[in-house]
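The sequence and structure are shown first.

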Amino acid sequence: MVDVLRIEDLIVEYTTRRGVARAVDRVSLTLDENRTLGLAGESGCGKSTLGRAIMQLVPYPGKIVGGNIYLNTDHDIPWKKGVIEKGDIPILEMNKDQMRAIRGDEIAYIFQDPMTSLNPMLSVGKHFIQIQQAHDSDIEKDAALERAEEVLESLGILAERVNDYPHQFSGGMRQRVMIGLAIVMKPRLLISDEPTTSLDVIVEAQILEELAELKEQFNLTMILITHNLGVLAQTADDVAIMYTGRMVEIASTETLFESPQHPYSQALLQSVPDVTKPDKKLAWIPGAPPDLVDLVPGCMFHPRCPFAMDICKVEEPELLESDSGGLVACHLYGRK
Ligand SMILES: Nc1ncnc2c1ncn2[C@@H]1O[C@H](COP(=O)(O)OP(=O)(O)O)[C@@H](O)[C@H]1O
Ligand code: SF4
Ligand SMILES: [Mg+2]
């Protein structure tokens, strides 16, 4: 199995007047080819920052201050004065031009709000032409449009709508257009940041199903970011749970849903509405996630954890292999 992406000890910080918020704190991950990793956790825990760091698109005042990210590619990538590289490319050493060459082509990102990413003055077809010509200036307009129609059709949009403008589409259709624009260059890695959050549940289910089909069709490796664990049950192969910028549990989806190890994962899962048991009371997690500029010592979850022990208040738990086969950062496990 090929590791498409390897993240090692990544640290991303936002320096604000209130202090430094470490939104991604020493995160390490590997992503196997043609698998979907679900990235979950409450709002503000660092999911988008991690996703954007992979593209070197962390917004100001955020900065990647440590770690490495390697992308494994089988394409030829222009690299350091005419040298063409294949294999593991260190993303954080790439300059702007090199990043531009791999964005879309190797790694694509679907943002949460399609209206802010689509230009209202351009037809959908024109968006597709621009993206394809930016990566390959030889591609003819007609060929680019033909490809756009193919991609739109694979997403359930009639080919003739290629001439329509973004405002002529419903929210769900616009999100499909965004997905189409992300995959038209056949990227190796697709990162989708809450791609269905603003949609109703039926459209959401359809789009998630289409994403799963595209993954097979295009041999995509995916990172699916969401605050909704229910979304991941059907779509992800593996799940990583984040809390205050740190990974607290990483496991296969089956393992995570059947036997979550970390108390935070357990609480998140109990908060997922179960459609088969509408009367089940939701066990919302008490308290709010801590303020990232004013963190507690020890385990970040201790003020909210029903199992907190003395050690939890002073010593940070390491991310270690758990009995269930995943990784967990909690003093309840992994201690010899
Ligand atoms: N533009 C910003 N300015 C200052 N701090 C930010 C900014 N964006 C994010 N942060 C900090 O990074 C944390 C993680 O944000 P984000 O990655 O957007 O989380 P998520 O996607 O999980 O909701 C926030 O809780 C906040 O402390
Ligand atoms: S380390 Fe302690 S406080 Fe943190 S989740 Fe585990 S038991 Fe709870
Ligand atoms: Mg986010």
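## Pocket, cavity and ligand site

The lining of the largest pocket consists of 13 nonpolar, six polar and two charged residues. In this classification Ala, Val, Leu, Ile, Met, Phe, Trp, Tyr, Cys and Pro are nonpolar, Asp, Glu, Lys and Arg are charged, and the others, Gly among them, are polar. The model is predicted: local features need pLDDT of at least 70 and side-chain atom pairs count only at pLDDT 80 or more, whereas totals for chains, interfaces and linings use all residues. Residues are numbered from 1 along each chain as its sequence is written, chains are lettered from A and ligands numbered from 1 in the order in which they are written, and side-chain values use heavy atoms, with hydrogens and water left out.

Both kinds of space are found on a 1 Å grid over the protein atoms alone: a cavity is a set of points where a 1.4 Å probe fits but cannot get out, a pocket is an open set with protein on both sides within 12 Å along at least five of seven lines, and lining residues have an atom within 4 Å of a point. Grid points are joined across faces, edges and corners, and a volume is the space filled by probe spheres set on the points.

| Space | Volume | Lining |
|---|---|---|
| Largest pocket | about 540 Å³ | 21 residues |
| Largest cavity | about 70 Å³ | 13 residues |

Nearest the centre of the largest pocket lie Arg103, Gly104, Tyr109, Ile131 and Leu181. Strand 6 (107-110), helix 4 (124-135) and helix 6 (171-183) each contribute at least two lining residues, and helix 4 gives the largest share, five residues. Helices (H or I, at least four residues) and strands (E, at least two) are DSSP runs, numbered from the N terminus.

The whole structure holds one cavity of 30 Å³ or more. Pro263, Cys299, Cys305, Cys312 and Cys330 are the closest lining residues to the centre of the largest cavity. Its lining comprises 10 nonpolar, three polar and no charged residues.

Ligand 2 sits in the largest cavity, meaning that more than half of its atoms lie within 2 Å of the grid points. It is surrounded by 13 residues, the closest being Cys299, Cys305, Cys312, Cys330 and His331; a residue counts as near if one of its heavy atoms lies within 4 Å. Cys305 is buried at 17% relative accessible area, and Cys330 is buried at 10%, where buried means under 20%, exposed over 50% and partly exposed in between (1.4 Å probe, protein chains only).
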